[in-house]
Each structure stands twice: as C-alpha cells, then as structure tokens.
Amino acid sequence: MNFGIIGAGPAGIFSALMIKEQNPEHTVTIFDGNQKIGRKLFATGNGRCNITNMNANPESYYSVKPGDLSPVFAQFGPKQIREKLNSLNIPTVETEDGWVYPQSWSAANVVQILTDALQYAGVEVKNSVKVTHITLSGTKFVLTTEGAGKTKPFDKLILTTGSKAFPQLGANTSILSELFQFGHRDLPFVPALAAISAKGDIFKALQGVRVDADVTALQGKTELGKSFGNVIFTDYGLNGPGVMNVSHYFSDKDAKDYLLRLNFLPGNLSRQLDEYFYAHINRDYPYRSVFLSVLPGKLVEYFFKMWKIDWETSCKRIDSRTFRVHIKRLENGLIPIEGNRGFNFGQAAAGGIPLAEVDLHTMQSRKQKGLYFAGEVLDVVGPCGGYNLTWAIATGLLAGTEASK
Ligand SMILES: Cc1cc2nc3c(=O)[nH]c(=O)nc-3n(C[C@H](O)[C@H](O)[C@H](O)COP(=O)(O)OP(=O)(O)OC[C@H]3O[C@@H](n4cnc5c(N)ncnc54)[C@H](O)[C@@H]3O)c2cc1C
C-alpha cells in the first residue's frame, strides 16, 4: 500500500515510522513545507524537549467541543510512548513531578535521531514541499504541491498539519479548506499556552517575580478554568505555566470582565504561615519574616504597601483578625486581564478538526474513508509539561498502526 502524510511534525513522523514498522513493504511519503522535519519539535522544552508526562490521561486535555480521548490513551499512553522512544534509541528520564525528557536533554538530538530513523526505515521525506490541494481520484488521494505539481495517487492519506500556533516556526493551516469537499468543518483555532496581557501598577512593581500559585480564570463571577503552576510577572502581564495553562479561556477579543484569581498560598502554605505567626504573636518579631519564609521578597513588599503596613512592623502590633485578612488577600489576588497574547506567543492551540468527525479508536475520518488525522490539527490541547507532544505522538502512533492494517 502507498501512504501519503502531510506534515512532518511529531504526529506525522511517528505515523510514518509506525506504518513502516507494521509492514516494511508499504511505501510512505511525508511532505513538509519547512526545510527540515520537526521544526516545532526542535524548539520544545526550551531546546530540552519535554517529550511526555507520566500523568497524561484523557482528562488532562481541553477541547472546544469535548470528546472521549480514552480510546487513544488505552493504546498509547505515556508508558507506551517511552517504550517506543526507547526502541528508537531515545531513552528518557523523568522528573519528580512526572515530566519526561530525552536522556540527552536535547530536542536537536531527538530530531536528528528521528530524521535518521525515517531514512533507515525507507520513508521518503519531501522537505520544503507545501501541499496546496487534495483531490480524490476514485478511492485514492492525489496531492498538488507548490512548485512540484501533482503527486502519485496514495491509497491512504494522513493529515498531521498542526495548528496555527507559532507561525514563526512555519505553522500553516491553509490545507484544511481542502477538507470541505469531504464534509469536514474545522473549528476556529484558539491560541493556548500563551502569555497573558494585563495592565496595572502591579506589573511594574512585581516585574521578574516568579511564584507558584493556584490560578483561576474567571469572566466576571463565572469560573472558566483552573490551574496550578509557576507564574511570572512581566512588563506586559503574566507568563509561566500556571497562567499559560488557562490562557485559552481569554481568547475572545470582544469579551469583557476577564479576571485571574491568584492564590499565592497554594497547598498547605497558609497553614505554615499560621504556625509562624502564632509562634511569634505578641512578640517583637518582624511581621515581614512570617511572609518572607515562603514568598518572594518583592511580592511581600508589594502587599505590605497595599495593606499600609510598615516594613519594620513587629508581630505584636498585628492582631489575629488583621493577620487573617492578610492571609485572605494573599489567597484571593484578583487581576483584570486584557486577553492572551495570541498565536505568536501561544505554544499550542485548541480548535481545528472536531473530535466528533474522527473515530478515535483508529484516527480515521468519519467523513472520508482512507483519510486519517493525528496531532494538534485536532481540537485537543493539553497543559504545559509534555502533554501536547504526548497527544501528537500517541495519535501519530495510533493513526500509523490503524492505517496500515
Ligand atoms: C516554542 C514551543 C515549545 C513547545 N514546547 C513543548 C514541550 O516542551 N512539550 C510539549 O509537549 N509540547 C511543546 N510544544 C507543543 C508541541 O511542539 C506541539 O504540540 C507539537 O509539535 C504538535 O505536533 P504536530 O505534529 O501535530 O504538529 P507540528 O509539530 O506543528 O507539525 C505540523 C507540520 O505540518 C507542516 N505543514 C502544515 N501544512 C502543510 C502543508 N500544507 N504542506 C506541507 N506541510 C505542512 C508544518 O510545516 C509542520 O512542520 C511547544 C511548542 C512551541 C511552539
């Protein structure tokens, strides 16, 4: 059988390798508009490639129109992905919180090994070739490429063209309009894992502060979503995994009343502060040191100014009611948000091909036999921490396995 794959990101690469593994007699051609395969993969994890996460499961992900992702994870979860990577000479290591990296800690090494693996498996890689049209000829797919004209007919076609996120790295979704002929209707892409814009004195005062926080995205009083993680204050607003994970909720440019609630005392920190305070209540102990025990100095200074508390104040001048108010303020910092910073700053995107249009047991289109999807082109996005490569690799492996049957 003869396979065409559009898009040589991780989803396309793993589809191709899986087809060849299932049957080396199959011929596989993979097209990518970029000069090299895996352009985005190369940039992942700040060059260290956070390739999967041991906690990834169907509930980890967000979709504009949700579907049940469990058929994918039943076949290819993080454990199977690590086994597959290991078999390709990409051994992996795991951090305490389950984030998985290649043992080389190098995205460049991973891309090189996968480039070699494709060549070794006999996959034909067509770099710098953008596919512009898809035509059905009987039951086969013929592609038109920019500059190079029409391709040979393919028995099966796997579409792994990614999302609109990070156009700087060649993201391009123009091919999706070709799918209308089969009855597919793509959902508008929504930037995700993006930094957040906001205005206010707090950003000047706290620029550069990094702090772990429980984060809640709100519109007015309505809760949109939650996250936990590092939050970084910048001159334009907020960055860091804690806020990136909820950034897709702030995508409507016309929406009003977007808010972030930051709890700077996640887990048992408020209990810890209770202990420190009550150990020194009525004593001549600096009140600031209670907070400096767990929070960044700049943040504590900022809150002292807000509370109109002198920096030199001692615990004996603070009664327990005032202390409780201060704790509540730290647990409930409300920040008005302008929106997320868009596709140029978003590492991934929701939207794309709706899950209802794809059989997630096989990744085959429900609209057109012989057409398969994998990766970020589908309406699925995960949080920071290796979840998006997990989705791309898992669905790539599944599409390759099923298409080659
Ligand atoms: C800066 C950055 C850091 C990231 N870090 C991480 C991380 O550490 N961990 C993690 O899990 N995720 C990370 N991600 C997200 C992750 O890279 C993506 O989710 C993943 O690459 C998606 O894989 P994909 O194969 O579906 O799509 P892509 O990797 O986007 O690949 C799609 C490919 O299709 C090609 N293409 C599109 N249209 C055409 C066409 N018409 N003709 C030919 N080729 C076409 C594109 O050129 C592209 O190469 C990061 C993303 C960015 C931008």
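Author: Let us begin with a definition: helices are DSSP runs of H or I with at least four residues, numbered from the N terminus. Please keep in mind that this is a predicted model.

Reader: Which helices each supply at least two residues of the shell around the ligand?

Author: There are 39 residues around the ligand, and those that come nearest are G7, G9, G162, G375 and N388. By class, this shell holds 17 nonpolar, 17 polar and five charged residues. The helices that each contribute at least two residues to the shell are α1 (10-22), α2 (39-43) and α12 (387-403).

Reader: How do the residues of the contact of α1 with α5 divide by class?

Author: Helix α1 packs with α5 (residues 107-121) at an angle of about 30°, the axes being 10 Å apart, and the crossing is left-handed. From α1, the residues I13, A16, L17 and K20 meet L114, A117, L118 and A121 of α5. By class, the residues of this contact are seven nonpolar, no polar and one charged.

Reader: Why is one side of β3 and of β4 left without a neighbour in the sheet?

Author: The three strands form an open sheet in the order β3-β5-β4, with antiparallel pairing. Because β3 (52-53) and β4 (92-94) stand at the edges, each has a single partner strand.

Reader: Which residue in β5 is the bridge partner of E94?

Author: Strand β4 pairs with β5 (residues 99-102) in the antiparallel sense, over three bridges. Within β5, the bridge partner of E94 is V100.

Terms used:
Residues are numbered from 1 along each chain as its sequence is written. This is a predicted model: local features need pLDDT of at least 70, side-chain atom pairs count only at pLDDT 80 or more; totals for chains, interfaces and linings use all residues. A residue is near a molecule or strand if its C-beta atom, placed from the backbone, lies within 6 Å of it. Ala, Val, Leu, Ile, Met, Phe, Trp, Tyr, Cys and Pro count as nonpolar, Asp, Glu, Lys and Arg as charged, and the others, Gly among them, as polar. Axes are lines fitted to C-alpha atoms, for helices over the stretch in contact, and angles run from 0 to 180 degrees between N-to-C directions. A crossing is left-handed if the near helix is turned anticlockwise from the far one by less than a right angle, and right-handed if clockwise. Two residues are in contact if their C-beta atoms, placed from the backbone, lie within 7 Å. Two strands pair if DSSP finds at least two bridges between them.
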